[in-house]
Amino acid sequence: MPLISNLKAYLLSIFTTTHNPVGTQATLTGDLPKCRFRLDNDSSDILALPDGRKLGYAQYGSLTGRAILYQHGHPGSRLEAARHHELALELGARIIAVDRPGHGWSSPHPNRTILDFPKDLEHLAKHLELASYSVWGISGGGPYALACAVALPPEKLKCVSIVCGMGPPDIGMSGAGWMHWLAYTWGYRYGPGWLGRWWWRRDPLGRLDLTDEQRLELYMQPNLHLNERDHDIMKDKDLVRLVVRSSRESFAQGYDGVWQDGKLMCKDFGFRIQDIRLDLPVQLWYGKYDTYVPLNHGEQIAARLGGRAQLRVEDEAHAGISVHWNKEILEALVSCK
């Protein structure tokens, strides 16, 4: 009987939605582990949007520096940008990282589109009294950076930087590893919500039944899907600890917000890259050996911009282009006029 009861409970957990209201912020219990990156919520805040939703965000670097609206990866959260704090202080950058709907401290937004998110960012920019800003999108934040390039006010938006970012789904996933090819070609596009909950519950990042230290040890085990060029990054325990902390925040309201985010990347974006204004500087950074977001995404985005974008291709894989070239990426953003 206990076996049958446990099986019923497991099946019920797969087919039901886990959702925690965003009425109060999650509090951290116990002492945070020592880490060279910030793991706390002290830099985080919530903006009440006109429709009653909440928008969670965190600020890193200099509060008087050049404003950069940071679009986190997938899965990810506002806390992901904590790794840029010290460098942003050094370079005079103000990084404002925002939780997408259903992630971290941001309310779910049912039936949203990718183009809805720049509207939320406009409210945040007005709230923070930003005279101007740039946009930085990493990996799964790529579609949102492109949406910002199309939709944010031209008098405010000065530059867009996309680092190993996903482009429109018609580019395809040629060159991706089998797992990412399957997820973005079929899984997210056609899969039901219960499949997403099942998948993330078996992934180290989604194992919310474990402590962060237990998830850290799981995540740092040898990964067959990881390019050898990223192995040094996976040995950086502080960096992996931040990834684990940020991912817990991304799943703070359950798995559905992350699943919705993945689905939107695999649908028509609702705009064309060619619609990006001609005078907007666009910086593209991609790894030659990236099997998560293949190089052809960067090449196709550049081609559709008619050669107007600055495309940098390095001998890196997915994580390496962001970590090993971090200073050059942020310097280019800060110097963009």
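Tutor: Buried means under 20% relative accessible area, exposed means over 50%, and partly exposed lies in between (1.4 Å probe, protein chains only). This is a predicted model, in which local features need pLDDT of at least 70, side-chain atom pairs count only at pLDDT 80 or more, and totals for chains, interfaces and linings use all residues. Residues are numbered from 1 along each chain as its sequence is written, and side-chain values use heavy atoms, without hydrogens and water.

Student: Is Glu-249 buried or exposed?

Tutor: Find Glu-249 in helix α9, residues 237–250. Helices (H or I, at least four residues) and strands (E, at least two) are DSSP runs, numbered from the N terminus. The relative accessible area of Glu-249 is 4%, so the residue is buried.

Student: Leaving aside neighbours within four places in sequence, which residues is Glu-249 in contact with?

Tutor: Contact means heavy atoms within 4.5 Å. Neighbours of Glu-249 within four places in sequence are left aside. The partners of Glu-249 are then Ser-77, Arg-78, Leu-79, His-103, Gly-104 and Trp-105.

Student: How are α7 and α9 oriented to each other?

Tutor: Helix α7 spans residues 212–219, and its axis is 9 Å from that of α9. The angle between the two is about 120°. Angles under 35 degrees count as roughly parallel, over 145 as roughly antiparallel, 65 to 115 as roughly perpendicular and the rest as oblique. α7 and α9 are therefore oblique.

Student: Which residues of α9 meet α7?

Tutor: Start on the α7 side, where Asp-212, Glu-213, Arg-215, Leu-216, Glu-217 and Tyr-219 take part. On the α9 side they meet Lys-237, Val-240, Arg-241, Val-243, Val-244, Arg-245, Ser-247 and Arg-248.

Student: Where is Pro-33, and which residues is it in contact with, leaving aside neighbours within four places in sequence?

Tutor: Pro-33 is in the loop between α1 (2–15) and β1 (44–48). At 32% relative accessibility, Pro-33 counts as partly exposed. With its neighbours within four places left aside, Pro-33 is in contact with Leu-39, Glu-213 and Arg-241.

Student: What separates the C-alpha atoms of Pro-33 and Arg-312?

Tutor: Along the chain, Pro-33 and Arg-312 are 279 residues apart.

Student: What separates the C-alpha atoms of Tyr-286 and Glu-314?

Tutor: Tyr-286 is in strand β7. Its relative accessibility is 0%, so Tyr-286 counts as buried. Glu-314 is 28 residues away along the chain, and the C-alpha atoms are separated by 6.5 Å.

Student: How are α3 and α4 oriented?

Tutor: Axes are lines fitted to C-alpha atoms, for helices over the stretch in contact, and angles run from 0 to 180 degrees between N-to-C directions. Helix α3 (residues 117–127) packs with helix α4 (residues 142–151) at about 70°, and their axes are 9 Å apart. That angle makes α3, relative to α4, roughly perpendicular.

Student: Which residues of α4 make the contact with α3?

Tutor: From α3 come Phe-117, Pro-118, Leu-121 and Glu-122. From α4 come Tyr-144, Ala-147, Cys-148 and Ala-151.

Student: What covers the buried residues of α11?

Tutor: Helix α11 runs over residues 295–304. Its buried residues are Leu-295, Asn-296, His-297, Gly-298, Ile-301 and Ala-302. The elements covering them include α4, β7 (282–287) and β8 (310–314).

Student: Which residues of α6 are buried?

Tutor: Helix α6 covers residues 193–202. Its buried residues are Gly-196, Arg-197 and Trp-200.

Student: Which residues does a cis peptide bond join?

Tutor: Look in the loop between β3 (66–71) and α2 (85–91), the place of Pro-75. A bond there has an omega of about -5°. This cis bond joins His-74 and Pro-75.

Student: What is the phi of Asn-111?

Tutor: Asn-111 is in the loop between β4 (93–98) and α3. With a relative accessible area of 75%, Asn-111 is exposed. Its phi is positive, in a residue other than glycine, and near 60°.

Student: What is the relative accessible area of Glu-129?

Tutor: Glu-129 lies in the loop between α3 and β5 (133–138). Although not a glycine, Glu-129 has a positive phi of about 60°. Glu-129 is exposed, and its relative accessible area is 72%.
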